[in-house]
Amino acid sequence: MGFPKDLKEGFLELFFPGPTCCPLCGELLIPAEDIPCPSCRRQVLRVAAPLCPRCGKPLAQDGYCPYCYGRNLVFIQARAAAIYTGVLRRAIHLFKYKGVRELLSYLGDLLRQCLSEHPPPVPDVIIPVPLHRRRERERGFNQAALLAAGVGRHLQRPVDYHSLIRRQYTPPTHGLSRREREEVMKDAFICRAGRRLRGKTILLIDDILTTGATASGCSTALLQG
(Lines give C-alpha, C1' and ligand atoms only; values in the text may rest on other atoms or scores of the structure.)
Protein backbone atom coordinates (compact mmCIF):
# COMPACT_ATOMS: atom_id res chain seq x y z
CA MET A 1 0.00 0.00 0.00
CA GLY A 2 1.62 3.29 -1.10
CA PHE A 3 1.65 6.67 0.64
CA PRO A 4 -0.79 9.34 -0.54
CA LYS A 5 0.92 11.76 -2.94
CA ASP A 6 0.79 14.80 -0.65
CA LEU A 7 2.13 12.81 2.31
CA LYS A 8 4.95 11.40 0.19
CA GLU A 9 5.89 14.89 -0.99
CA GLY A 10 5.89 16.03 2.62
CA PHE A 11 8.42 13.32 3.51
CA LEU A 12 10.58 14.28 0.55
CA GLU A 13 10.58 17.93 1.61
CA LEU A 14 11.44 16.92 5.17
CA PHE A 15 14.51 14.90 4.19
CA PHE A 16 15.39 16.66 0.93
CA PRO A 17 14.33 20.29 1.35
CA GLY A 18 13.91 22.29 -1.83
CA PRO A 19 16.11 25.25 -2.72
CA THR A 20 15.84 28.33 -0.51
CA CYS A 21 15.87 31.81 -2.00
CA CYS A 22 17.26 35.03 -0.59
CA PRO A 23 14.19 37.05 0.49
CA LEU A 24 15.84 40.28 -0.68
CA CYS A 25 16.88 39.43 -4.24
CA GLY A 26 15.41 35.99 -4.94
CA GLU A 27 18.80 34.39 -5.60
CA LEU A 28 18.99 30.66 -4.85
CA LEU A 29 21.02 29.82 -1.76
CA ILE A 30 23.29 26.83 -1.42
CA PRO A 31 22.36 24.40 1.39
CA ALA A 32 22.98 25.78 4.90
CA GLU A 33 23.80 29.24 3.52
CA ASP A 34 22.56 32.08 5.74
CA ILE A 35 20.26 34.82 4.54
CA PRO A 36 20.59 37.32 3.09
CA CYS A 37 22.81 36.01 0.32
CA PRO A 38 26.49 37.07 0.08
CA SER A 39 25.70 39.43 -2.80
CA CYS A 40 23.11 41.33 -0.74
CA ARG A 41 25.41 41.45 2.29
CA ARG A 42 28.13 43.10 0.21
CA GLN A 43 25.72 45.88 -0.76
CA VAL A 44 24.99 46.94 2.82
CA LEU A 45 26.76 50.24 3.51
CA ARG A 46 28.37 50.02 6.93
CA VAL A 47 28.82 53.18 8.98
CA ALA A 48 32.49 54.14 9.07
CA ALA A 49 34.55 56.96 10.61
CA PRO A 50 34.68 59.88 10.71
CA LEU A 51 31.44 60.15 12.65
CA CYS A 52 29.66 62.86 14.54
CA PRO A 53 30.67 62.00 18.14
CA ARG A 54 27.11 62.68 19.33
CA CYS A 55 24.61 61.25 16.85
CA GLY A 56 26.96 58.97 14.90
CA LYS A 57 26.19 60.46 11.48
CA PRO A 58 28.97 59.73 8.93
CA LEU A 59 30.88 62.90 8.04
CA ALA A 60 33.52 63.99 5.56
CA GLN A 61 35.84 65.09 8.37
CA ASP A 62 36.12 64.92 12.15
CA GLY A 63 33.81 67.13 14.19
CA TYR A 64 30.15 67.52 15.07
CA CYS A 65 27.44 67.48 12.41
CA PRO A 66 25.55 70.78 11.85
CA TYR A 67 22.57 69.59 13.89
CA CYS A 68 24.52 68.47 16.96
CA TYR A 69 27.03 71.34 17.00
CA GLY A 70 26.30 73.58 19.98
CA ARG A 71 23.13 71.69 20.96
CA ASN A 72 22.46 70.06 24.31
CA LEU A 73 20.85 66.77 23.23
CA VAL A 74 19.06 64.56 25.72
CA PHE A 75 20.92 61.31 25.03
CA ILE A 76 24.68 61.02 25.48
CA GLN A 77 25.57 59.21 22.29
CA ALA A 78 23.95 57.38 19.36
CA ARG A 79 25.46 54.86 16.96
CA ALA A 80 24.07 53.01 13.95
CA ALA A 81 25.37 49.87 12.27
CA ALA A 82 24.70 50.70 8.63
CA ILE A 83 23.03 53.21 6.31
CA TYR A 84 19.26 52.82 5.97
CA THR A 85 19.10 52.45 2.19
CA GLY A 86 18.98 49.80 -0.53
CA VAL A 87 19.37 46.24 0.70
CA LEU A 88 19.26 47.12 4.41
CA ARG A 89 16.09 49.15 3.94
CA ARG A 90 14.42 46.18 2.23
CA ALA A 91 15.64 43.82 4.95
CA ILE A 92 14.21 45.97 7.75
CA HIS A 93 10.90 46.41 5.92
CA LEU A 94 10.53 42.65 5.36
CA PHE A 95 11.41 41.94 9.00
CA LYS A 96 9.28 44.72 10.45
CA TYR A 97 6.19 44.76 8.25
CA LYS A 98 6.13 41.29 6.64
CA GLY A 99 7.30 39.28 9.64
CA VAL A 100 10.29 37.65 7.87
CA ARG A 101 11.90 36.56 11.14
CA GLU A 102 14.74 34.79 9.33
CA LEU A 103 16.34 38.23 8.88
CA LEU A 104 16.53 38.84 12.64
CA SER A 105 19.80 36.93 12.96
CA TYR A 106 21.50 39.05 10.30
CA LEU A 107 20.19 42.36 11.70
CA GLY A 108 21.34 41.26 15.14
CA ASP A 109 24.79 40.46 13.75
CA LEU A 110 25.03 43.99 12.34
CA LEU A 111 24.19 45.46 15.75
CA ARG A 112 26.73 43.27 17.53
CA GLN A 113 29.45 44.27 15.05
CA CYS A 114 28.53 47.91 15.61
CA LEU A 115 28.85 47.50 19.38
CA SER A 116 32.27 45.91 18.92
CA GLU A 117 33.50 48.63 16.55
CA HIS A 118 31.93 51.54 18.46
CA PRO A 119 31.70 50.33 22.05
CA PRO A 120 29.28 52.40 24.16
CA PRO A 121 29.67 53.12 27.87
CA VAL A 122 29.06 49.79 29.62
CA PRO A 123 25.29 49.73 30.22
CA ASP A 124 23.66 48.59 33.43
CA VAL A 125 20.46 47.78 31.57
CA ILE A 126 19.21 47.59 27.97
CA ILE A 127 15.79 49.01 27.04
CA PRO A 128 14.08 48.60 23.65
CA VAL A 129 12.02 51.44 22.22
CA PRO A 130 8.44 50.32 22.99
CA LEU A 131 5.55 50.02 20.57
CA HIS A 132 2.07 51.16 21.47
CA ARG A 133 -0.09 48.17 22.49
CA ARG A 134 -2.30 48.66 19.44
CA ARG A 135 0.65 48.67 17.04
CA GLU A 136 2.20 45.61 18.69
CA ARG A 137 -1.08 43.71 18.43
CA GLU A 138 -1.29 44.59 14.74
CA ARG A 139 2.29 43.53 14.03
CA GLY A 140 2.48 40.61 16.44
CA PHE A 141 5.89 41.58 17.84
CA ASN A 142 8.13 44.54 18.72
CA GLN A 143 11.14 44.49 16.41
CA ALA A 144 13.22 46.60 18.83
CA ALA A 145 12.52 44.15 21.66
CA LEU A 146 13.72 41.21 19.53
CA LEU A 147 16.91 43.07 18.65
CA ALA A 148 17.44 44.13 22.28
CA ALA A 149 17.19 40.50 23.43
CA GLY A 150 20.11 39.59 21.16
CA VAL A 151 22.15 42.57 22.35
CA GLY A 152 21.44 41.58 25.95
CA ARG A 153 22.82 38.09 25.35
CA HIS A 154 25.84 39.53 23.55
CA LEU A 155 26.70 42.04 26.30
CA GLN A 156 25.45 39.81 29.12
CA ARG A 157 23.30 42.62 30.45
CA PRO A 158 19.63 42.52 31.54
CA VAL A 159 16.91 43.76 29.20
CA ASP A 160 14.07 45.80 30.73
CA TYR A 161 10.89 45.48 28.65
CA HIS A 162 8.50 47.12 31.10
CA SER A 163 9.81 50.41 32.51
CA LEU A 164 9.48 52.47 29.32
CA ILE A 165 5.93 52.73 27.92
CA ARG A 166 4.62 54.28 24.71
CA ARG A 167 1.46 55.90 26.02
CA GLN A 168 0.36 57.59 22.79
CA TYR A 169 -0.45 55.93 19.49
CA THR A 170 1.74 57.97 17.17
CA PRO A 171 1.26 58.06 13.39
CA PRO A 172 4.13 56.95 11.12
CA THR A 173 6.74 59.70 11.02
CA HIS A 174 8.34 59.06 7.62
CA GLY A 175 7.99 62.15 5.49
CA LEU A 176 7.85 64.50 8.49
CA SER A 177 10.44 67.18 9.15
CA ARG A 178 12.77 66.97 12.15
CA ARG A 179 10.70 69.56 14.03
CA GLU A 180 7.45 67.71 13.25
CA ARG A 181 8.94 64.40 14.41
CA GLU A 182 10.11 65.97 17.66
CA GLU A 183 6.64 67.41 18.29
CA VAL A 184 4.99 64.02 17.67
CA MET A 185 7.41 62.20 20.00
CA LYS A 186 7.64 64.85 22.72
CA ASP A 187 5.10 63.28 25.10
CA ALA A 188 4.69 59.87 23.48
CA PHE A 189 6.61 57.94 26.18
CA ILE A 190 6.48 57.58 29.93
CA CYS A 191 8.75 55.81 32.40
CA ARG A 192 7.26 53.82 35.26
CA ALA A 193 9.15 52.29 38.16
CA GLY A 194 11.91 54.80 37.42
CA ARG A 195 13.38 54.42 40.91
CA ARG A 196 14.70 51.03 39.79
CA LEU A 197 16.68 52.78 37.01
CA ARG A 198 18.01 55.68 39.06
CA GLY A 199 21.73 56.22 38.53
CA LYS A 200 21.99 53.52 35.87
CA THR A 201 23.50 53.76 32.40
CA ILE A 202 20.91 52.71 29.83
CA LEU A 203 21.47 51.40 26.32
CA LEU A 204 18.39 52.18 24.21
CA ILE A 205 17.77 49.93 21.17
CA ASP A 206 15.69 50.72 18.08
CA ASP A 207 15.65 49.42 14.53
CA ILE A 208 16.03 52.77 12.72
CA LEU A 209 17.67 56.07 13.68
CA THR A 210 16.76 59.04 11.49
CA THR A 211 16.44 62.44 13.17
CA GLY A 212 16.87 61.13 16.72
CA ALA A 213 13.38 62.35 17.72
CA THR A 214 12.32 58.93 19.05
CA ALA A 215 15.59 58.50 20.93
CA SER A 216 15.17 61.96 22.46
CA GLY A 217 11.55 61.27 23.43
CA CYS A 218 12.52 58.02 25.13
CA SER A 219 15.53 59.59 26.85
CA THR A 220 13.45 62.48 28.16
CA ALA A 221 10.87 60.07 29.61
CA LEU A 222 13.55 57.93 31.25
CA LEU A 223 15.28 60.95 32.80
CA GLN A 224 11.98 62.40 34.03
CA GLY A 225 11.09 59.01 35.50
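Me: Is Cys-22 buried or exposed, and what is its relative accessible area?

Reply: Buried means under 20% relative accessible area, exposed over 50%, and partly exposed in between (1.4 Å probe, protein chains only). Cys-22 comes out buried, at 2%. Bear in mind that this is a predicted model, where local features need pLDDT of at least 70, side-chain atom pairs count only at pLDDT 80 or more, and totals for chains, interfaces and linings use all residues. Residues are numbered from 1 along each chain as its sequence is written, and side-chain values use heavy atoms, with hydrogens and water left out.

Me: How many disulfides does a search of the whole structure find?

Reply: A disulfide is a covalent bond between the sulfur atoms of two cysteines. The cut-off here is a pair of cysteine sulfur atoms within 2.5 Å. The search turns up zero.

Me: Which residues have the most contacts inside the largest nonpolar core?

Reply: A nonpolar core is a set of buried Ala, Val, Leu, Ile, Met, Phe, Trp, Tyr and Cys residues joined through side-chain atoms within 4.5 Å. The largest has 29 residues, and Leu-24, Leu-88, Leu-107, Val-151 and Ile-205 have the most contacts inside it.

Me: What about a second core?

Reply: That one is separate, with 13 residues, including Val-125, Leu-164, Ala-213 and Cys-218.
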